[in-house]
Amino acid sequence: VSDRVNALALSPDNTLLAIGTGRLTHEGKLIVRSTDEWGVYDPLPAVSFPREVTSVAFSHDGQWLAAGGGMGWTGVWSVETGEALALGPTDSENGLFFHAQADDTVSGLTFAPSNNANLVSTTRNGRILLWSMEELGLSSWQQVDRFINDMTYSTELERLAFTTSDGAVLEVHVNDLAISPTTLPGRQTDE
């Protein structure tokens with residue numbers, strides 16, 4: 001890898017390593033390597049992002065890979081085929097969709113631990129977003145007044161825990177993410 005590494009994720013079966021690279025003002029890449037010989041994984045050889053890739057996550061069954069980064073771009077791909085799954089508006093040939101304003105960055109991604117039905121993403125500007133993998137869209141979201149660094153999903157699928165830049169740990173019940181997705185302020189597709 002020839003650029004700064006910002007994020008890593010190992011597939012559940014330990015056969016693939018996802019690597020997020022890039023710098024704040026430059027293009028980033030999602031690179032997937034096979035762990036047996038560290039070669040490029042053919043279905044997903046490399047995916048370009050407009051800015052750095054800051055978070056990567058495999059689903060718990062290894063079927064999906066998500067990556068997010070600068071300018072609010074996120075992508076979800078089938079690990080088997082490399083096919084993109086657009087969960088939001090997209091204008092990218094790589095299947096990337098955006099869910100944050102252009103001045104925001106994805107800070108965390110995680111799939112629901114037992115069923116892959118949901119993907120949760122967070123942004124540095126305090127957005128928590130719940131995406132439905134079944135309905136292919138945003139289910140709900142919430143804005144918090146803190147810079148979110150990272151997060152995790154509880155095993156019983158009811159709670160999310162977040163770390164913030166001021167050292168706090170926040171907990172949110174998934175059912176409390178009840179703001180309608182149609183009210184999510186975002187950027188226009190022509191940007």
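Author: Thr105 lies in the loop that runs between β8 (97-98) and β9 (106-111); strands here are DSSP runs of type E with at least two residues, helices are H or I runs of at least four, and both are numbered from the N terminus. The model is a predicted one, in which local features require a pLDDT of at least 70 and side-chain atom pairs count only at pLDDT 80 or more, while totals for chains, interfaces and linings use all residues. Residues are numbered from 1 along each chain as its sequence is written, and side-chain values use heavy atoms, with hydrogens and water left out.

Although Thr105 is placed in a loop, its relative accessible area is 9%, so it is buried (under 20% is buried, over 50% exposed and anything in between partly exposed, with a 1.4 Å probe and protein chains only). Setting aside residues up to four places away in sequence, Thr105 touches Glu52 and Thr54, the run Gly69, Gly70, Met71 and Gly72, and also Thr122, Thr123 and Arg124; a contact means heavy atoms within 4.5 Å.

The nonpolar packing of the chain comes next. In soluble globular proteins, nonpolar side chains tend to be buried together. A nonpolar core is a set of buried Ala, Val, Leu, Ile, Met, Phe, Trp, Tyr and Cys residues joined through side-chain atoms within 4.5 Å. The largest such core has 18 residues, and Leu30, Phe49, Val56 and Leu65 are those with the most contacts inside it. Two or more residues of this core come from each of β1 (5-10), β2 (16-21), β3 (28-34), β4 (47-49), β5 (53-58), β6 (64-69) and β7 (73-78). The largest share, 3 residues, is contributed by β5. Beyond its neighbours within four places in sequence, Leu30 is in contact with Ala18, Ile19, Ala46, Val47, Phe49, Val53, Val56, Leu65, Ala67 and Trp77.

Ala67, one of the contacts of Leu30, has its place in strand β6. Its relative accessibility is 0%, and Ala67 therefore counts as buried. Leaving aside neighbours within four places in sequence, the contacts of Ala67 include Leu30, Phe49, Val53, Val56 and Trp77, as well as Leu109. Between Ala67 and Ile19 the C-alpha to C-alpha distance is 9.2 Å, with 48 residues separating the two in sequence.

The structure holds 1 aromatic pair, where rings of Phe, Tyr and Trp (its six-membered ring) pair if their centres lie within 6.5 Å, planes under 30 degrees apart being stacked, over 60 edge-to-face and the rest tilted. Phe49 and Trp77 form this edge-to-face pair, at 6.3 Å centre to centre and with 65° between the planes. Since Phe49 lies in strand β4 and Trp77 in strand β7, the pair ties together parts that are 28 residues apart in sequence. Phe49 is buried at a relative accessible area of 2%, and Trp77 likewise counts as buried, at 2% relative accessibility.

The charged pairs remain. Side chains of opposite charge can pair when their charged atoms come close. The count comes to 4 salt bridges, each a side-chain nitrogen of Lys or Arg within 4 Å of a carboxyl oxygen of Asp or Glu. One of them joins Asp3 and Arg23, at 3.4 Å from N to O. It links distant parts of the chain, with Asp3 in the segment before β1 and Arg23, 20 residues apart from it, in the loop between β2 and β3. Asp3 is partly exposed at 28% relative accessibility, and Arg23 is partly exposed at 39%.

Another salt bridge joins Asp166 and Arg146 (3.6 Å, N to O). Asp166 lies in the loop between β14 (159-164) and β15 (169-173) and Arg146 in the loop between β12 (137-143) and β13 (148-153), so this pair ties together parts that are 20 residues apart in sequence. Asp166 counts as exposed at 51% relative accessibility, whereas Arg146 is partly exposed at 30%. A further bridge, between Glu171 and Arg159, spans 3.3 Å from N to O.

As to confidence, pLDDT is the predictor's own confidence in each residue, from 0 to 100. The protein chain averages a pLDDT of 80, and 82% of the residues score at least 70. Over residues 180-191 the pLDDT is below 50, and this stretch has 25 contacts in the model beyond near neighbours in sequence.
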